[in-house]
Amino acid sequence: MFGYILQRIFAAIPVMGFVALIVFLLLRLTPGDPAAILAGDAATPAQIALIRTRLGLDDPLYVQFFSWIWGMLRGDFGVSLLSGTPVLQMIASRMEPTISLALTTITLSVLIAVPLGVIAAWKQGTLIDRFVMLLSVVGFSVPVFVIGYVMISFFAMELRWFPVQGFRSITDGLQPFLERITLPTLTLTLLYVALIARITRTSMLEILGEDYIRTAHAKGLSETRVLMRHALRNCSVPIITVIGIGFALIISGVVVTESVFNLPGLGRLTVDAVLARDYPVIQAVILLASLVYVVVNLLIDIAYVVLDPRIRYQ
Amino acid sequence: MNKPVLDIRGLRIALDGRADQELVKGLDLTIQPGETMCLVGESGSGKSITALAVMGLLPKALKMTAGRIELLGETIHNAPAPKLRKLRTTAMSMIFQEPMTALNPVAKVGRQIDEVLEAHSNLGAKERKRRVLEMMESVHLPEVERIYRSYPHQLSGGQRQRIMIAMALIMQPQLLIADEPTTALDVTTQAQTLSLLRELREKQGTAVLFITHDMGVVADIADDVTVMKLGEVMEAQPTEQLLRHPRTDYTRELLKAVPSHVPRPPRADDNAPVVLQTQALTKVYSQGGWLVKTRETVAAKEVAFTLRKGRTLGIVGESGSGKTTVARCIMRLIDPTSGTIEIDGTDIATLPPRELKPHRRKFQIVFQDPMRSLNPRIEVGQSIIEGPLNFGVPRKQAMARARELMTLVDLPASAVDRFPHQFSGGQRQRIAIARALAMDPEVLVADEAVSALDVSVQAQVLRLMADLQAKLGLGILFITHDLGVAAQICDDVIVMQHGVIVEYGPAGEVLATPQHPYTKALIEAAPGRHWDFANFRPFSESRQDA
Amino acid sequence: MTDTAIPIDRGDRPSTLRKIGEVVVSSPMVMLAAVLLAIIVLASIFAPWIVPHDPGRLSPSVRLRGPDSTFWIGTDAFGRDLFSRVVMGGQISLAVGVGAAIVSVAAGLALGLLAGYIRWLDAILMRFVDGLMAIPNILLAIAIVSLWGAGLWTVLIAITIPEIPRVVRLVRSVVLSAREEPYVEAAIAAGSSSWLIMRRHLLPNTVAPLIVQGTYICASAILVEAILSFLGAGINPETPSWGNIMAEGRLFFQINPGIILWPGLVVSVTILSINLLGDAVRDALDPRMAKRGIDR
């Protein structure tokens with residue numbers, strides 16, 4: 001078991017290494033002088049030279065790569081080209097709205113999607129199954145920001161239930177926090193529910209066709225017991241797997257949703273950095289997002305140990 | 001007379017309830033208390049579907065269209081779901097073919113048995129556990145406390161089936177339905193499981209509906225036999241009556257096709273040239289890598305044998321014996337760890353691919369699974385000529401040869417243009433043989449080549465292989481788990497256990513007067529070995545004749 | 001008892017196209033999707049002849065109008081006719097979708113075959129693929145666009161690259177499982193070269209899953225194009241695309257929500273139709289495919 005966990009942890013390290021390499025090469029492989037590109041069209045030669053020294057662009061590539069990695073390992077993610085503020089500090093100040101939105105979304109989605117998927121599989125071919133399937137295709141097909149604007153125009157502008165945009169910290173009180181986080185959460189939830197409900201249904205269907213489900217019926221157990229005790233338990237592995245994979249989707253979705261609802265989170269930070277070509281910020285955010293993704297999936301790999309005895313006793 | 005335990009009258013089951021898609025066509029069946037009834041048939045006979053119908057577990061697509069099923073005098077085929085649930089395990093239980101997939105992989109086996117008591121009794125947790133452990137002991141599981149807490153993947157196949165049996169019988173039902181319960185097990189485990197079923201039946205007085213395709217098992221366990229073919233009952237008789245005096249041609253043919261465990265008369269050892277010889281052939285699999293400790297599994301150790309032109313060498317053994325590993329090493333589908341493989345005088349064990357290619361022509365293989373051994377996307381003729389084309393035979397000539405080969409394996413020459421799905425399993429296995437022969441090999445490796453076939457088809461393919469060998473002088477390496485098949489086709493036999501050869505000699509000696517205890521155990525365990533099916537009498541009587 | 005007679009089943013395997021056709025016709029929902037998609041595609045192809053107004057002409061006097069008889073779905077902040085812009089925008093959006101699908105399937109197929117066939121390359125390539133998959137696709141795409149500039153080609157590349165890993169994984173898994181098939185081992189035993197085995201026995205197995213995956217990528221690419229434009233990292237608004245029309249409507253959403261909602265409707269219907277067709281094709285070609293992880 002510990003062998004398995006160690007193996008997973010060590011497997012995650014090269015993945016992060018490749019992420020870093022990709023992010024690193026992205027700038028260096030850009031045709032032309034990266035410093036000139038980052039400085040923009042109106043830059044003076046002095047400004048370009050400053051950027052070049054700040055990013056160490058004159059060193060050989062491998063020196064640049066390793067000194068960059070070494071810096072990050074010591075907590076030095078560089079400084080913003082725009083404001084000169086340390087990137088880490090900028091990221092830290094934007095964490096709260098993003099984490100709030102991600103957590104509310106995941107919680108709500110799982111609470112909605114898993115029962116929906118289970119019911120759809122259980123009642124395969126019925127009206128409710130078709131409804132869930134349609135909902136999941138729609139969730140995939142409508143751009144997140146369109147959903148967001150529909151929410152705003154209906155709930156905020158038409159019904160005036162919620163403020164249109166903005167964010168308040170949960171430390172300012174639960175009500176103002178909820179008022180502003182509800183619409184973004186609902187927006188992003190539709191996307192995530194689509195993903196999870198669909199996979200839950202597929203895995204559930206597969207498991208309901210397994211021999212041990214037939215055995216459970218042959219034992220004279222009730223429908224709900226077969227479903228809860230035997231099917232759902234086995235279904236937990238594919239469900240949490242997709243929650244992990246869907247994390248990438250959430251991160252992308254957060255970037256868009258924050259722009260729609262004007263939440264001052266990491267997503268907004270990224271978009272602003274992209275528009276200003278503030279590359280140190282861009283690469284730090286990408287690395288951070290990927291790190292979160294890799295760690296979440298690592299935790300899920302480790303959760304398999306709890307959920308699946310075949311892995312536990314490997 | 002007592003009320004029968006199970007009484008089925010005029011049972012009809014159809015796909016989607018359509019009359020033109022009937023899978024069971026008017027089945028009658030009666031089982032008396034304490035009786036063991038075997039339901040025998042080849043694939044597609046409808047025997048398993050019948051069992052599921054009794055349990056009320058038919059898949060959604062299948063509908064019972066007519067008939068009546070009575071359990072202990074009560075009509076159950078139209079009983080509401082809650083009532084059926086109540087009857088399951090208390091009045092009727094079922095065990096399945098594949099004990100690995102029939103148990104929930106993420107639940108402890110003890111709890112899975114316990115669940116039956118939970119659902120059907122009012123006992124407290126402590127009492128339930130006591131009963132479960134008791135039941136586990138009565139199916140002869142060792143260390144019941146430990147096994148109670150084990151997961152299915154930690155148990156052996158035989159132990160898993162014992163768990164299934166414990167689960168099925170803990171409420172002491174009147175009827176046990178066993179759907180090919182020993183087919184997935186090795187022969188020694190099968191024998192133990194069958195004797196356990198016999199013992200429990202005597203102790204509990206349970207009637208058994210035993211579904212099987214294996215006449216050997218029938219001879220060993222059944223009181224009465226019902227023979228089915230394509231959804232229809234061919235005949236039903238007491239076991240000995242049926243084995244001695246089958247009423248229908250179908251049953252007669254079925255019995256004749258059962259390979260006898262008495263080795264066929266040996267062929268003269270004519271010192272023909274050696275076509276295949278291995279020395280100290282060893283395959284070690286190592287798992288893990290840096291971080292995780294390396295685990296080494298010796299799949300085959302120091303295997304040495306000689307195969308001569310025109311003769312058949314059998315390798316028999318149970319799963320995990322290493323027999324298939326040896327076959328795959330010889331075909332160079334996997335690389336042996338050490339040792340030599342001489343084909344026609346050249347050691348091919350370590351040849352790199354480029355140098356190996358010219359030798360490939362000389363040794364060919366036929367696999368077990370007829371569904372997967374031909375590429376479903378290309379015409380069978382194209383599959384047959386692929387090899388010859390690789391060796392520079394002109395396409396036209398190769399195609400003409402392919403047609404010849406089709407006739408040689410008793411298929412029409414024109415069938416080369418058809419796709420694999422248009423053939424039955426046995427036909428595909430013939431085509432696979434034709435494909436192997438297209439290379440004019442000197443050695444043919446048959447890796448469980450008839451194991452997936454129904455017994456009547458199996459007999460035909462075996463006959464075909466013998467004919468071809470006589471015509472073409474092939475040396476055949478025949479891998480099988482079935483001692484009967486080995487006895488019928490092999491000149492010499494190797495018995496393997498845990499990767500090692502434990503006995504090697506002429507088939508007549510090894511199978512008739514085995515020396516090694518493992519060989520003895522294997523032969524002892526073969527079901528129905530006392531019965532001479534082809535001559536409709538027990539061997540004891542045959543010997544008196546002679 | 002004899003096994004020599006050829007069975008009655010003489011039917012040929014129905015062709016892939018016919019199977020797809022049958023499924024499309026069998027469900028009214030899929031049928032509707034096919035019809036809607038056909039209309040949208042045709043309208044985009046013939047856009048220059050269909051549009052009622054010049055999509056680029058600025059008319060400050062009619063800024064931000066609601067729908068009326070001249071401007072069927074209103075005008076944008078520069079007084080340009082929204083309907084004409086949406087119809088023209090389909091050209092770019094659909095081209096991006098189809099282009100991304102073709103390029104990523106081609107690249108993923110090549111890499112996946114290599115990974116499935118060459119052991120040492122597999123180890124490196126799959127780590128790289130894992131790394132690429134760990135980067136959320138929108139972030140990777142906007143980073144590429146911000147560095148390389150916002151042209152049509154950059155956007156296409158930025159959308160395509162994050163899609164490739166999934167195709168690689170798919171092809172690789174199909175190849176790895178097909179390699180275990182006895183018929184492939186029989187081909188090895190028959191002395192067939194790796195190239196022949198790949199072309200004849202392995203490649204055909206990837207066709208059906210790739211068609212399905214391709215439709216999903218097409219849908220996803222149209223979506224990502226819209227998102228990129230919306231975030232300001234898309235194609236220059238001179239050439240209208242569904243994404244940048246909506247992006248321009250952001251500031252004026254409270255005045256004329258139609259600038260976002262109308263193109264949003266068209267994008268959604270388009271993607272929905274493609275996804276529904278993709279699901280139908282998947283069901284038609286191989287019901288088991290869903291189990292092999294071809295799901296988004």
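Two residues are taken to be in contact, or to touch, if their C-beta atoms, placed from the backbone, lie within 7 Å. The structure is a predicted model, in which local features need pLDDT of at least 70, side-chain atom pairs count only at pLDDT 80 or more, and totals for chains, interfaces and linings use all residues. Residues are numbered from 1 along each chain as its sequence is written, and chains are lettered from A and ligands numbered from 1 in the order in which they are written.

View 1. Leaving aside residues up to four places away in sequence, B:L477 touches B:L276, B:L307, B:L313, B:I315, B:A327, B:V443 and B:V445. A nonpolar core is a set of buried Ala, Val, Leu, Ile, Met, Phe, Trp, Tyr and Cys residues joined through C-beta atoms within 7 Å, where buried means that 20 or more other C-beta atoms lie within 10 Å of the residue's own. The largest such core has 336 residues, of which A:I196, B:L175, B:L209 and B:L477 touch the most other members. Its largest share, 17 residues, comes from α11(A), helices being DSSP runs of H or I with at least four residues and strands runs of E with at least two, numbered from the N terminus.

**View 2. An open antiparallel sheet in chain B.** Four strands of chain B lie in the order β12-β11-β14-β15 with antiparallel pairing, two strands being paired if DSSP finds at least two bridges between them. β12 (295-308) and β15 (346-347) of chain B are the edge strands, each pairing on one side only. Between β14 (residues 338-343) of chain B and β15(B) there are 2 bridges, and B:E342 stands opposite B:D347 in β15(B). Helix α12 (residues 323-330) of chain B packs on this sheet, touching β11 (274-287), β12 and β14 of chain B, and its direction makes about 70° with that of β12(B); the axes are lines fitted to C-alpha atoms, for helices over the stretch in contact, with angles running from 0 to 180 degrees between N-to-C directions.

**View 3. Chain A against chain C.** This contact takes 43 residues from chain A and 41 residues from chain C. On the side of chain A that touches chain C, 32 residues are nonpolar, 8 polar and 3 charged, with Ala, Val, Leu, Ile, Met, Phe, Trp, Tyr, Cys and Pro counted as nonpolar, Asp, Glu, Lys and Arg as charged, and the others, Gly among them, as polar.

**View 4. Chain A against chain B.** Here 22 residues of chain A are in contact with 25 residues of chain B. α10(A) gives the most to this side of chain A, with 6 residues.

Key: Buried ≥ 20, exposed ≤ 12 C-beta atoms within 10 Å, placed from the backbone.
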